[in-house]
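Me: I should like to go through this model and ask what each description of it rests on. Please set the values against the terms used.

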Amino acid sequence: RILAAEGINAEDALQVRSGGRLVSIISTLGSILVGLGVILFFAKNWSLMTVSTKLTLIYFGIIATYAAGYYLQFVRGTYPRVGHALILLGGIFYGAGLFLVSQLFHSDANPRWLFFIWGAGLMPLVILLAEEALFALAAVVFLLWALFSTFSTFFSASAVPEYWYAVLSIAVLLPLAWRFRFTKGFALLIALFYIWYGTTVAAWQVNTPGMNESALPLILLYFIGFGLSLILGGRLLEYRSDSSEFAYAMRFLGGAGVGIPVYILSWNEALYLYSSPIGLSGISLVVFFGIFALAAVLLALYGVWSGATERKQLAWREGAILLFIGVLAIVFYFVPIDGGPRYYYGESSPNFHPFVLPWNFALLAFNVLLITVGYFERRNIFVNLGVLLFLVHVLSRYFDVFALRFGTSFSFIFGGVL
């Protein structure tokens, strides 16, 4: 209606918007490729240049790229997306320059601290220019800082991974994403935190004496707890009218974080990997039960607040399914079961794990929940995620069960006939 009142055709406006997005995507990819090309060029010819030439090229490249981007986006304003891409390119040059200068003077600086300086150096521009692309670059750089800190003790049997670096990064970046409404940067930040979270949990299990293949199902339980907290936290965030996109990102990433681990745990063989109890202690114990306790508190709040909404029946069904998955994860942790066969399709008699039906039921219910929620909220991405997980689930169970009963060849023949 607003477009019609101003005499603007809605289709023309949509085409302009789509074209703007395309330009932004192409210019951003172009800046990344140019940055990589320049870095590779200097790396190839680095030994042929004098020290003064190297420093001049590094400083000039950073300043010139930033200045050109700022001029095109903010001063002249004729090519804002190109300027946006050049500012991102300047951020890449800045990081490359740090590593090149460190190499030039044969510094013994730890790479993780170079990543920290890179990320910290980007933050003033993120704040002053409100640049979401620079924010995303800073998030990736701080993730590398956290990962290098974690991996510095990954193979040590006595050291504990240095996880506070990632916590500090999140504590700094999350308020900035909220302040400047960086919804895409916010989603990227959560996805990157997932990567660090999984790496750190794996490091905890590797450093646990006597750890074996039972670590894989346990790591999946960590992800389920975190995913449940994200979904429910996103649901509560929806009650703020200005936070729908942030809540949407949390719920989608939480849905993927729950659906994928539950799918893996729906496999009979994966369940039998967890054959002996794992005594958690220290920070791993606090995080494991803390993340499920947080999910329980968020679920209780969601149940209370959703009672006053129009869709309380759907909300309570959603809460019931999420509660079932959380309780199943805790019970599975406390009740490891040994005695499963190590089979290949059809090569041994099937011995189904007692938890295989509950986990498959949980996956089926969660897939239906995603599709239902996406349909009522008109969020296609939830429907697509639910349908994808459902199809993969059905196909997996088909080959898994039929291959156990009839062998691989007959399962393919029967599938082809169907």
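**Grounds for the descriptions**

Reply: To begin with helix 10 of this predicted model: 16 of its 22 residues are buried, so the helix is mostly covered.

Me: How do you know what span is expected of helix 10?

Reply: The expected span is 1.5 Å times one less than the number of residues. Helix 10 covers residues 244-265, and with its 22 residues the expected value is 32 Å. From first C-alpha to last it reaches 31 Å, which is close to that value.

Me: Why is the lining of the second largest pocket described by the classes nonpolar, polar and charged, and how many residues fall in each?

Reply: Residue type decides the class; Val, Phe, Trp and Tyr, for example, count as nonpolar. The lining has 18 nonpolar residues, 1 polar and no charged. The pocket holds about 460 Å³ of space. Of its 19 lining residues, the closest to the centre are Val167, Phe193, Trp196, Tyr197 and Phe226. Helix 8 (183-206) is among the helices that each supply at least two lining residues, and helix 8 gives the most, with 8.

Me: Which parts of the chain call for caution, and why?

Reply: pLDDT stays under 50 over residues 10-18 and over residues 342-347. Where pLDDT is low, predicted coordinates should not be read in detail. Among the elements, helix 14 (residues 356-377) has the highest mean pLDDT, 93.

Definitions and conventions:
Residues are numbered from 1 along each chain as its sequence is written. This is a predicted model: local features need pLDDT of at least 70, side-chain atom pairs count only at pLDDT 80 or more; totals for chains, interfaces and linings use all residues. Side-chain values use heavy atoms; hydrogens and water are left out. On a 1 Å grid over the protein atoms alone, a cavity is a set of points where a 1.4 Å probe fits but cannot get out, and a pocket is an open set with protein on both sides within 12 Å along at least five of seven lines; lining residues have an atom within 4 Å of a point. Grid points are joined across faces, edges and corners, and a volume is the space filled by probe spheres set on the points. Helices (H or I, at least four residues) and strands (E, at least two) are DSSP runs, numbered from the N terminus. Buried means under 20% relative accessible area, exposed over 50%, partly exposed in between (1.4 Å probe, protein chains only). pLDDT is the predictor's confidence in each residue, from 0 to 100. Contact means heavy atoms within 4.5 Å.
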